[in-house]
Amino acid sequence: MVIVPHAVPAPAATTTERSASILIFPKVIFDGSRDTLIQISNTSNSMTHALCFYVNAAPECIGFGDCLAGTCNGRCEPRWIEIDFSIWLTKQQPTHWSVGSGRFTDLSDLPCDPDNYDCDGAGLDPGRIPPANSVPFTGELRCIEVDQSGAPISGNHLKGEATIVSSDGDASSYNAVGLLGLPFTNNGDNILCLGGGVSDECPSGAEYEGCGERVIMDHFAERADNPLFGPTSTVRTEVTLVPCAIDYEHQRPTNVVTQFLTFNEFESRFSSSTPFNCWATFLLSQANSVFDIRALQTRFAQTFMRPSDMTDSGITGVWEEYHLLPQAAPPPQQTRAAFNFIEQGTRRRTDIIFLPEGP
Amino acid sequence: MWNAPWRSLTVHGAVLGLALLTATPRPAPADIASDHPAAILVFPKLLVDTANGLDTLIRISNVSDTSINVFCFYVNVTPQCPLDNGTSCFPDKATCTRPGQEFPGFCRPQWQETDFIIRLTEEQPTGWLVSQGESVNCAFIDGVCSNDGTTQCDIDMDCPPGSRCVQPPCLPLDGGPLGRTGPRGQVNEGAVPLSPEDPFIGELKCIAVDESLAPIARNDLKGEVLIGRLQAGPDMAIDAAGYNAIGIPALVNICQENRTCSLTGTTCTSNLQCAPTNNRDGTLVIGGSGAEYEGCPNILILDHFFDGAVDPLSNNLCEMGTCTISNTMCSDDADCLDNICIGNACSVTGNACISDTDCENTCGPASECTLSGERCVDDDDCTDPTFQTRVVTSLTLVPCTEDFENQNPSLSRTPAQFLVFNEFEQRFSTSIPVECFKEIRLSNIETDQNERSIFSAGVQGTLTGQTRIRGVVNDQNPEVAGRTGNALLGIAEEFRCGGPKYQFPLCNFVDDPARLVGSTSRNLHIQGRRPQSDFIYLP
């Protein structure tokens with residue numbers, strides 16, 4: 001009898017469907033044409049506190065002009081500006097805010113009633129939430145469960161969703177990526193240890209589950225058609241990646257080289273890689289030409305992404321599909337859909353989140 | 001239906017099961033989730049109505065370097081009208097009518113199962129339209145050129161420069177003397193049938209099996225769904241919403257580094273000494289005692305807008321002479337909010353008009369508002385018909401337990417209990433029976449008057465809420481006790497509807513799609529496990 005070798009990777013430990021102690025919203029956009037609605041809930045029967053960090057990675061023009069509009073006459077450099085704020089949620093309380101507007105404590109917010117369904121701001125305010133610190137804002141949001149004193153805890157009481165709404169009302173949504181806190185090992189200091197073992201920085205070992213070893217997505221080849229919308233339609237896929245490790249204290253950007261392994265429907269294998277710092281969002285066609293339909297040759301493909309061996313952080317993220325259908329007069333009709341990655345395996349190394357120490 | 005084993009295939013399945021026992025050590029599998037590969041995939045909601053441009057694209061991949069057979073079951077729940085020549089019951093109408101008949105008929109779901117099997121080669125992705133299916137026939141189907149969508153072609157060279165030949169989805173590794181195989185000689189086999197009917201609403205479950213159709217403990221499948229709507233014609237529009245398939249991982253008893261079996265705790269030196277928990281029969285045990293697969297969740301959690309809430313992010317603004325959401329002509333932002341007469345039609349309400357006066361909602365002679373139909377004494381009682389984008393959420397629930405052998409829906413029947421919290425931390429609850437499938441607007445769960453529902457923003461007072469959903473264990477009925485755990489799985493869809501302020505938003509892919517501004521889907525969060533097992537009974 002022939003034994004077919006079949007090694008099954010270990011399951012990943014991040015979650016997009018369970019309450020967790022760290023929530024990562026990898027793609028947060030406020031750029032004038034799109035805004036992001038953040039929803040966070042406390043799934044426990046006691047009050048929960050969280051410390052949240054926005055990281056604005058929008059490019060800044062070192063010179064004159066606008067980087068997003070392509071009119072910058074100098075260099076475009078990402079801002080990497082971090083701002084943090086705290087929120088608190090009573091038992092089972094949901095809350096929401098828009099990234100562009102934030103949310104302010106306003107006791108005069110009137111609740112909805114049968115004659116008025118416009119009541120943004122009604123409810124128990126979770127604290128003052130700042131609006132995006134600049135326009136455009138493109139980056140991530142990370143929320144960490146803490147106790148009343150601000151020390152990180154492994155409560156696993158938070159869940160979240162993000163909905164990106166464009167000015168024409170089109171929307172796409174994804175679940176926040178959660179990292180489960182581990183019982184007993186969380187020492188409540190400002191160094192959060194994700195996965196791995198005991199080290200100088202992590203004397204009690206992992207305090208949170210680690211990130212996945214790799215993330216997987218099923219996607220359309222770039223510029224392939226979507227059978228839902230006919231042969232003249234095209235699909236573009238935008239991938240957003242963030243490193244699991246981040247240093248808010250020293251503001252050191254995390255450098256990541258991402259390796260891609262892609263299989264088409266013929267089982268043909270393609271590989272490529274792309275580097276990024278801190279946060280990246282890119283169309284697959286911008287990462288490499290192998291993702292184009294002319295190269296992949298089949299409509300559907302499966303891509304495995306992992307950090308390179310020398311990269312000192314795991315990765316997580318989301319991907320968003322742009323479905324386009326040309327019409328008689330431009331622009332084409334467009335609709336978007338976002339998906340969470342599938343994760344596989346658990347990183348053996350520790351990823352660390354350094355929180356700012358404060359005054 | 002496949003009643004006989006899939007004998008035409010080369011037999012690898014038996015050895016694949018043994019191969020798993022010799023695989024490298026690994027920790028216990030993850031929970032039920034949509035973010036990890038698994039052995040069972042659940043696609044809770046599929047929609048087809050090609051006459052109205054509605055269809056569903058399913059994508060499935062094998063994430064392993066070994067080919068895998070996938071045994072799938074469509075569950076057709078499209079309600080049927082018992083009256084000859086009665087009106088359509090699609091997708092979830094309660095009643096139907098027939099001309100000349102005074103009394104309505106009551107729409108009845110079918111719970112009809114259709115199964116099929118396909119083989120995916122190593123690391124292979126595939127996808128198909130539910131309305132069209134796919135098979136190993138790429139060499140025999142024509143394509144059309146991507147530049148015009150009508151010119152027939154076989155290869156890219158048949159199309160003008162810059163365009164290419166687009167074929168319908170098919171499984172490309174067809175083998176054979178002139179066919180194509182994978183790098184290691186692997187080929188696709190099997191076919192996905194067309195949806196059982198059109199229009200169609202239902203569910204899909206897919207299970208990793210070997211060639212003899214015996215379930216196999218391989219957590220190598222992942223899937224996604226994209227429900228899309230194409231509105232053709234002068235008001236062309238497209239919309240899509242996607243979600244990940246929910247994965248139920250198989251339990252695998254393996255020898256760990258500490259030389260104990262991961263599930264049984266017995267001592268071992270190799271995986272061969274760890275007895276498999278999956279007996280590979282036609283009864284799949286999901287959680288509980290004797291589990292072969294991870295247990296279904298005890299609670300589902302949904303964060304959502306309360307129905308009817310005004311979307312704080314969707315603003316209908318005037319840009320370059322056109323309103324961004326309603327697409328009507330405008331000269332300033334006020335034109336995009338006010339109900340004004342443009343080309344003999346009111347811009348928000350759509351009724352015929354000669355002047356802007358015809359677009360005002362005033363108290364008519366029969367004490368009824370002219371546009372909204374509200375009862376009134378004077379004009380102040382009539383709601384302003386200004387434009388708003390409001391949100392409504394549809395929830396789809398399917399049972400973990402399904403009996404494909406005896407087609408017994410009573411095993412899946414359970415009350416779903418809902419616990420609702422608003423942003424004031426106030427708690428509400430309600431319930432609804434779920435049989436094989438339930439797709440419903442949140443604000444129709446306990447009433448057909450949406451404005452009066454506890455899921456209505458007007459009742460709750462806040463924009464968003466958190467709802468906890470629990471299938472009640474049916475252990476009082478001796479006929480089903482011990483044969484089902486009554487756990488539920490599901491997804492939610494959020495629809496943004498544009499319309500006048502007085503109109504409660506009821507749009508979705510099927511109902512009132514002209515008012516649909518945008519849609520999005522999401523997987524539900526889960527919490528806990530239950531001690532009872534759920535079961536999938538294979539034919």
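In which order do the three strands of the open sheet with antiparallel pairing in chain B stand? Let's look at this predicted model in close-up.

**View 1. An open antiparallel sheet of three strands in chain B.** The order is β10-β9-β11. The edge strands, each pairing on one side only, are β10 (152–153) and β11 (165–166) of chain B.

**View 2. Where β9(B) meets β10(B).** Strand β9 covers residues 143–145 of chain B, and two bridges join this strand to β10(B). The two run antiparallel. To find your bearings, look for Gly143(B): its bridge partner in β10(B) is Cys153(B).

**View 3. An open sheet with mixed pairing in chain B.** Here, too, we have three strands, in the order β17-β33-β25 of chain B. β17 (283–286) and β25 (402–403) of chain B each have a single partner strand, so one side of each is left without a neighbour in the sheet. As a friendly reminder, strands of a sheet pair through backbone hydrogen bonds, either parallel or antiparallel.

**View 4. The parallel pair β25(B) and β33(B).** Strand β33 spans residues 534–537 of chain B and pairs with β25(B) in the parallel sense, over two bridges. A handy landmark is Glu402(B), which stands opposite Ile536(B) in β33(B).

**View 5. The stretch of residues 1–11 in chain A, with pLDDT below 50.** Chain A has an average pLDDT of 91, and 96% of its residues score at least 70. Over residues 1–11 of chain A, however, the pLDDT is below 50. In the model, this stretch has 34 contacts beyond near neighbours in sequence.

How values were computed
Residues are numbered from 1 along each chain as its sequence is written. Chains are lettered from A and ligands numbered from 1 in the order in which they are written. This is a predicted model: local features need pLDDT of at least 70, side-chain atom pairs count only at pLDDT 80 or more; totals for chains, interfaces and linings use all residues. Two strands pair if DSSP finds at least two bridges between them. Helices (H or I, at least four residues) and strands (E, at least two) are DSSP runs, numbered from the N terminus. pLDDT is the predictor's confidence in each residue, from 0 to 100. Two residues are in contact if their C-beta atoms, placed from the backbone, lie within 7 Å.
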